[in-house]
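Please walk through this model in a viewer, one selection at a time.

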Amino acid sequence: MTTEQRTKPKWTWWVMVVLAGLIGIYGVGFAFGGAEAFYEGRDLPLGLDVSIVALSFHAVVGGLALLTGPFQFLERIRTARPKLHRGLGRLHVAAALGTGLSGFFVAGFAEGGLTGRLGFAALGALTTTCGLVGLRLALGRRFDDHRVWMMRSFALLLAAVSLRLQIPALFALLDGDETMVFAVVGWSCWVPNLLVVEWMIRRRPAPVIVV
Ligand code: HEM
C-alpha cells in the first residue's frame, strides 16, 4: 500500500462521519428542551429536574464524542497535525467518559425494564472503561495499544447510531411493545458493534484502523 493510499479515508470512514455527525448534532440539539419532552409522563425515581439535567448533559457530551471521534482515526491528522490530534483527543476522551458515566446513570431509570437497564448500564460501564484505558495508554505513550482501545471506545459510542437505526425495525417486529423493544435494543445496540470492532482489531497484526 502506498503512502497516498494509506492517508486517504475509506468510504466506510465517510459513512461513519455522516452517521456519527447526524446523531452527534441531534445529541447537542437535544439539550434545548429535548429532555423535558422525552421524560413527559414518565415515573422518575429522582424527580424530573435531576433527570432532565442528567439526560441533557448526557446528550451534549454524547453528541460531542460522536462529532470529534471520527477525526481521531485519520492517519493524516495523527501524523501531520499531532497537536490537533492531541487537542481534539482530550476533548473527545472527556466527552466519551462523560457519556459513559452519565449513560450508566440514566440507565438506572431507562425504558426496557431490568433487561434493558442492565444492557444500557453495561454499555455505560464498558464505554467508561475503554476510554480510561485508552487515555492511560496515550499518557504512557503506548500509541498502538491506545488506538486499539479507542477503537473499542468509539465502537461503543456508535451504539447511539445503531440504536436509532434498529428501533424502527424492532417496533415493527415486536408489534410496538415499547418495553420489549428497549429490552432488546439495550443490548443489540452495542454487542454487535463490539464483535465487529474485535474482528477489525484481530484481522491485521498492526492496528491500522479505518484509514
Ligand atoms: C455509549 C454509552 C451510552 C449509554 C450507556 C447511553 C445510555 C442512554 C440511556 C440509558 C438513555 C435513556 C433511555 C431511556 O430513558 O429510556 C439514553 C438516552 C439518550 N442518549 Fe444515550 N447512551 C450512550 C451514548 C450516547 C451517545 C454517544 C449519544 C450521542 C448523541 C447519546 C444521546 C442520547 C440522547 C439524545 C438520549 C435521549 C433521547 C433519545 O433517546 O433519542 N447517547 N442514553
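## Stop 1: α6 and α7

Start by selecting residues 82-107, which form helix α6, and residues 113-139, which form helix α7; their axes lie 8 Å apart and the helices pack at an angle of about 155°. Angles over 145 degrees count as roughly antiparallel, so α6 is roughly antiparallel to α7. The crossing of α6 past α7 is left-handed. Bear in mind that this is a predicted model.

Now show the side chains between the two helices. On the α6 side, select Val93, Ala96, Leu97, Thr99, Gly100, Leu101, Gly103, Phe104 and Ala107. They meet a set in α7 that includes Arg117, Phe120, Ala121, Gly124, Thr127, Thr128, Gly131, Gly134 and Leu135. Coloured by class, this contact shows twelve nonpolar residues, eight polar ones and one charged one.

## Stop 2: α2 and α4

Next select α2 (11-30) and α4 (48-72). How far apart are the axes of α2 and α4, and at what angle do the helices pack? The axes are 7 Å apart and the angle is about 160°, and α2 and α4 are therefore roughly antiparallel to each other. As α2 passes α4, the crossing is left-handed.

From α2, the contact takes in Trp13, Met16, Val17, Ala20, Gly21, Ile23, Gly24, Ile25, Gly27, Val28 and Phe30. From α4 it takes in Ala59, Val60, Gly62, Gly63, Leu64, Leu66, Leu67, Gly69 and Pro70. The contact of α2 with α4 has 14 nonpolar and six polar residues, and no charged ones.

## Stop 3: α9 and α10

Move on to residues 159-173 (helix α9) and residues 178-188 (helix α10), whose axes come within 10 Å and cross at roughly 145°. This crossing of α9 and α10 is right-handed. Select Leu163, Gln166, Ile167, Leu170 and Phe171 in α9, then Val181, Val184, Val185 and Ser188 in α10, to see the residues that meet. Seven of the residues in the contact of α9 with α10 are nonpolar, two are polar and none is charged.

## Stop 4: the ligand

Select the ligand and the residues around it. Which residues are closest to the ligand? They are Gly27, Gly62, Gly103, Gly124 and Ala160, out of 29 residues that surround the ligand.

The shell draws at least two residues from each of α2, α4, α6, α7, α8 (143-157) and α9. Which helix gives the most to the shell around the ligand? It is α4, with seven residues. By class, the shell around the ligand divides into 18 nonpolar residues, ten polar residues and one charged residue.

## Stop 5: the whole chain

Finally, clear the selection and zoom out. The chain has eleven helices and zero strands. Along the principal axes, its C-alpha atoms fill a box of roughly 55 × 35 × 25 Å. The radius of gyration of the chain is 18 Å, which agrees with the value near 17 Å that a compact globule of 211 residues would have.

Note on methods: Residues numbered from 1 in each chain as written. Predicted model: local features only at pLDDT ≥ 70, side-chain atom pairs only at ≥ 80, totals over all residues. Axes fitted to C-alpha atoms, helices over the stretch in contact; angles between N-to-C directions. Helix = DSSP H or I, 4+ residues; strand = E, 2+ residues; numbered from the N terminus. Left-handed = near helix turned anticlockwise from the far one by under 90°. Contact = placed C-beta atoms within 7 Å. Nonpolar A, V, L, I, M, F, W, Y, C, P; charged D, E, K, R; others polar. Parallel < 35°, antiparallel > 145°, perpendicular 65-115°, else oblique. Near = placed C-beta within 6 Å. Rg over C-alpha atoms; globule rule 2.2 N^0.38 Å.
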